[in-house]
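The sequence and the model come first, followed by notes grouped by topic.

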Amino acid sequence: MEVAPAEEETSPAAEKKTSKKTSKKAVADKKKSKKAHAGSKVKKGRKIVDSDEEEEAQDDDDDDEGTEQEVDKENVDDGEGEDDDDEEEAVIKEEPVAVAAAPAVDAETVAKVTMLRLQRRYYQDVVDFLTLIGTSMPILRQLMVSNYKTV
Amino acid sequence: MLMKKKNDNLFKAAEETALKSLFDVLEERALDNNAYVRTRLIQTLITIVEANALPVNMRSQFLKICLQRLNDKSSAVRRRAVQLLASFVKTHPFRMDGGQLPLSVFSKKIADIDQAIHVCDHLFDQFLILKIFFH
């Protein structure tokens with residue numbers, strides 16, 4: 001954080017100028033640090049991109065307002081957000097290890113088993129159909145020889 | 001593009017729900033007190049089955065209804081039920097093996113597939129154990 005030029009002005013206009021300068025510098029430093037972290041955030045996907053957009057939107061709003069207190073609040077919030085990001089990174093880095101360990105043989109076996117299960121279902125449907133037709137045969141035999149008629 | 005796809009999916013889901021509710025109504029009418037209603041129901045089912053418009057997953061359900069109606073007290077319903085049964089046999093969708101339906105062949109095929117699935121599952125389990133062991 002750089003200090004405003006050392007001109008001893010006690011007027012309120014001068015104080016406002018100095019506060020605006022400091023807030024703009026703080027925002028610029030923050031953006032630089034974000035750019036530096038951007039490389040590490042590429043892997044995190046959509047959620048983090050959305051959070052970045054939200055933060056940028058917040059930054060724009062703050063630029064419009066330009067008060068020191070809000071800049072300080074932002075800095076505090078960003079610190080917490082980065083901690084969350086680190087945790088997410090740790091979680092995401094663990095997942096690809098399990099995926100990468102599974103070779104292509106697994107996919108082939110799974111596809112084969114899925115195909116076999118589908119075939120089994122098809123043949124099971126056929127057998128069910130034939131069983132139902134088979135159960136109807138005695139009834140049809142009875143009907144063939146019956147003379148019972150009710151309208 | 002995504003919105004269009006989403007709308008298509010929603011439309012399809014709504015269509016399926018409507019179709020299912022219509023078939024549910026048909027199923028209810030099978031137990032109607034009036035014999036004429038039952039007769040007309042079975043006639044409608046014959047039309048649907050011969051047009052191959054009955055979903056495959058509902059065929060067994062309506063075949064069971066047809067078998068129940070074979071014992072109906074009304075002769076007209078029984079006659080229509082026999083016709084419906086013939087339609088079911090004529091338009092069966094199991095034509096992968098040439099349309100012939102020998103029960104023993106299909107039972108044997110199911111047994112073979114069960115054995116193959118068992119072997120694959122066993123191999124897969126072994127592979128997982130080895131992977132966990134060497135990881």
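In which helix of chain B does B:Arg80 lie? B:Arg80 belongs to helix α4 (residues 75-90) of chain B; helices (H or I, at least four residues) and strands (E, at least two) are DSSP runs, numbered from the N terminus. This is a predicted model, in which local features need pLDDT of at least 70, side-chain atom pairs count only at pLDDT 80 or more, and totals for chains, interfaces and linings use all residues. Residues are numbered from 1 along each chain as its sequence is written, while chains are lettered from A and ligands numbered from 1 in the order in which they are written.

**Chain A**

- Chain A has four helices and zero strands, in the order α-α-α-α from the N terminus.
- Of its 151 residues, 5% are buried; a residue is buried if 20 or more other C-beta atoms, placed from the backbone, lie within 10 Å of its own, exposed if 12 or fewer, and partly exposed in between.
- Among the contacts in chain A with a separation of 6 or more, 70% join residues 24 or more positions apart; two residues are in contact if their C-beta atoms, placed from the backbone, lie within 7 Å.

**Around B:Arg80**

- B:Arg80 counts as buried because it has 23 C-beta neighbours inside 10 Å.
- Leaving aside neighbours within four places in sequence, B:Arg80 is in contact with B:Thr39, B:Ile42 and B:Gln43.
- B:Arg38 is 42 residues from B:Arg80 along the chain, and their C-alpha atoms are separated by 9.3 Å.

**Nonpolar cores**

- A nonpolar core is a set of buried Ala, Val, Leu, Ile, Met, Phe, Trp, Tyr and Cys residues joined through C-beta atoms within 7 Å.
- The largest has 13 residues, of which B:Ile42, B:Leu45, B:Cys66, B:Ala81, B:Leu84 and B:Phe88 touch the most other members.
- At least two residues of this core come from each of α2 (35-50), α3 (56-69) and α4 of chain B, and the largest share, five residues, comes from α4(B).
- Another core, of five residues, lies apart from this one and includes A:Tyr123, A:Val126, A:Phe129 and B:Phe106.

**Where the chains meet**

- In chain A, 25 residues are in contact with 31 residues of chain B.
- Helix α4 (residues 104-145) of chain A gives the largest share of chain A's side, 21 residues.

**Helix α5 of chain B**

- Two of the 32 residues of α5(B) are buried, so this helix lies largely in the open.
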